[in-house]
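Welcome, and thanks for bringing your viewer along.

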Amino acid sequence: MILSISCLTVFAILILFFGFIKQRGFIIPLAMTAIILSAATLYYGMDVGTQFSAQMLDSAGKPRILSLILLGIAFCILPFIQHYQSRGNEEVGDFTGIFLLALCGGILMISYNNFIILFLGVEILSIAMYILAGSDRRKTRSNEAAIKYFIMGAFASALLLFGIGLYYASTLKLQVGSYPNSQGMLLDISILFILCGFLFKLALVPFHFWAPDVYEGTPTIFTAVMSTIVKIAGFAALYRFIALSGDSMPGWTVWFFGLVILASLLLGNILAAAQKNVKRLLAYSGIVQAAFILMGLVSLQAKTEYIFIFYLVAYSIASLVSFCVTHFVEQQAGSDHLDSFAGLYKSNPFLAIVMTVALLSLAGGPLTAGFLAKLFSLFQMARLDLVVLTVVGLVTAVISMYYYIKIINSMFSGSADQRWDISWTYKTVFLVLCIVTIVLGVYPQLLTGIL
């Protein structure tokens, strides 16, 4: 893990330097090289300082798989950051360098064994995202999004840090693990604060209120980063905490997660259905999707770990496609309002089709990865005899089709003033992501087999 993070850090500094001297042609190729090298060191198990890293970081098993997934999604995002360079924006070096540093924070969150590493990862990722949220500084909405994200993120970090402090007071250790002889009540309170800190970062009810405004104001490419990279890192960190805690996790956490899931499913769907702004709609739908992912972490067992990872992959792919298509529509129409998507099939059939595949996956449509992801999560709730969550999850999954189909209906109806196109590079990324979505929907063993 240390070698992987070092690769990203060194290349991030190089990219910031090339951006400073205005050699922007090297930036995206360097970033892609950094991610490929970082992924290679993880895949082949190459590392340095293994004695130290064994105590602080875990570079094997699920952390390695989740880190590779994170880097894979990041690699798909990079070509879209290139779009800023084609517009003549001289800050593309800053954006790309900070994006790579955000990946360093994400990998730390995925692989930590120690709370110090967790908090370091959270802060690296968070600070990078605060900057990217306000990267379009000429627009008031972007500045507002950055400030809101910073204030809410600081509050979430405070909750997490307070929980870590209580955890240390209870166990006298910062190493995450099972401590059955620790002080019961104090440990329970610390776990509650730590979980609330995680849920804040993941925008689950009742810690969701920052997400719609921040998603709407942030430049759309970086909104895609929030909905993929940040979600993968956040859920992986929560999974790591639950998995390492073992017997220290109190029984009430099942009901705590149950209430959060129930509230997120109901409130997220109600608010999403009322939206006319597509980015806000996707923000509220992201709350619902996060609730389904959380189902895979309720009463976690080794044989059920694949559920939340499969859902994370399915959601990240569909969310990335949805936000990136929204970015191009916003560039063309000047708005991300639902009306901007009217007639998209006539003006750009390719984007309309890939957006349809992504939305159907988010809705849980058959023959998509999202369908099996929802099925796995609901089966997990049924297996645990959580009947209310199973029924509510099934009903809300059906209801969510309304607001996804609302976007699809808009794209395939209405007239278009003129046809427009996008680069073959973007088309290739979209096509690969859609093919993966359909393949995983037909043959899930391709992913579950390695989990």
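## Stop 1: Asn277 and its partner

Select Asn277 and Glu216: their side chains make a polar contact at 3.4 Å. A polar contact here is a pair of N or O atoms within 3.5 Å; within protein, one must be able to donate a hydrogen and the other to accept it, and residues adjacent in sequence count only if both atoms are side-chain atoms. Before going on, note that this is a predicted model, where local features need pLDDT of at least 70 and side-chain atom pairs count only at pLDDT 80 or more, while totals for chains, interfaces and linings use all residues. Residues are numbered from 1 along each chain as its sequence is written, and side-chain values use heavy atoms, with hydrogens and water left out.

Asn277 sits in the loop between α11 and α12. Helices (H or I, at least four residues) and strands (E, at least two) are DSSP runs, numbered from the N terminus. Is Asn277 buried or exposed? Its relative accessible area is 12%, so Asn277 is buried. The cut-offs are under 20% relative accessible area for buried and over 50% for exposed, with partly exposed in between (1.4 Å probe, protein chains only). Setting aside neighbours within four places in sequence, Asn277 is in contact with Glu216, Asp336 and His337; contact means heavy atoms within 4.5 Å.

## Stop 2: the helices on either side of that loop

Colour residues 252–273 to bring out helix α11. This helix has 22 residues and reaches 32 Å from its first C-alpha to its last, close to the 32 Å expected at 1.5 Å a residue. The expected span is 1.5 Å times one less than the number of residues. Among the buried residues of α11 are Phe256, Phe257, Ile261, Leu265 and Ala272. Show the helices that the buried residues of α11 pack against: α8 (184–201), α10 (220–245), α12 and α17 (387–412).

Now pick Ser285, which belongs to helix α12 (residues 278–295). Ser285 has a relative accessible area of 2% and is therefore buried. A polar atom of the Ser285 side chain lies 3.0 Å from the backbone oxygen of Leu282. Not counting residues up to four places away in sequence, Ser285 touches Ala272, Tyr403 and Tyr404.

## Stop 3: a pair of neighbouring helices

Select α15 (residues 349–363) and α16 (residues 369–383), which pack at an angle of about 10° with their axes 6 Å apart. Axes are lines fitted to C-alpha atoms, for helices over the stretch in contact, and angles run from 0 to 180 degrees between N-to-C directions. The two helices are therefore roughly parallel to each other, a label for angles under 35 degrees. Where do they meet? Ser361, Leu362 and Ala363 in α15 meet Ala369, Gly370, Phe371 and Lys374 in α16. By class, this contact has 4 nonpolar, 2 polar and 1 charged residues. Ala, Val, Leu, Ile, Met, Phe, Trp, Tyr, Cys and Pro count as nonpolar, Asp, Glu, Lys and Arg as charged, and the others, Gly among them, as polar.

In the loop between α15 and α16, find Gly365. Gly365 counts as buried because its relative accessibility is 8%. Leaving aside neighbours within four places in sequence, Gly365 is in contact with Leu360 and Phe371.

Draw a distance from Gly365 to Gly441: 9.3 Å, C-alpha to C-alpha, although they are 76 residues apart in sequence. Gly441 is in helix α18 (residues 424–442). With neighbours within four places left aside, Gly441 is in contact with Leu367, Thr368, Ala369 and Leu372.

## Stop 4: backbone details

Most residues other than glycine have a negative phi, and most peptide bonds are trans. Zoom in on Leu172, in the loop between α7 (140–171) and α8, where phi is near 60°, a positive value. Leu172 counts as exposed, at 63% relative accessibility. Asp385 is exposed, with a relative accessible area of 62%.

Which kind of peptide bond joins Val205 and Pro206? The bond is cis, with omega of about 5°. Pro206 lies in the loop between α8 and α9 (211–217).

Methods: Parallel < 35°, antiparallel > 145°, perpendicular 65-115°, else oblique.
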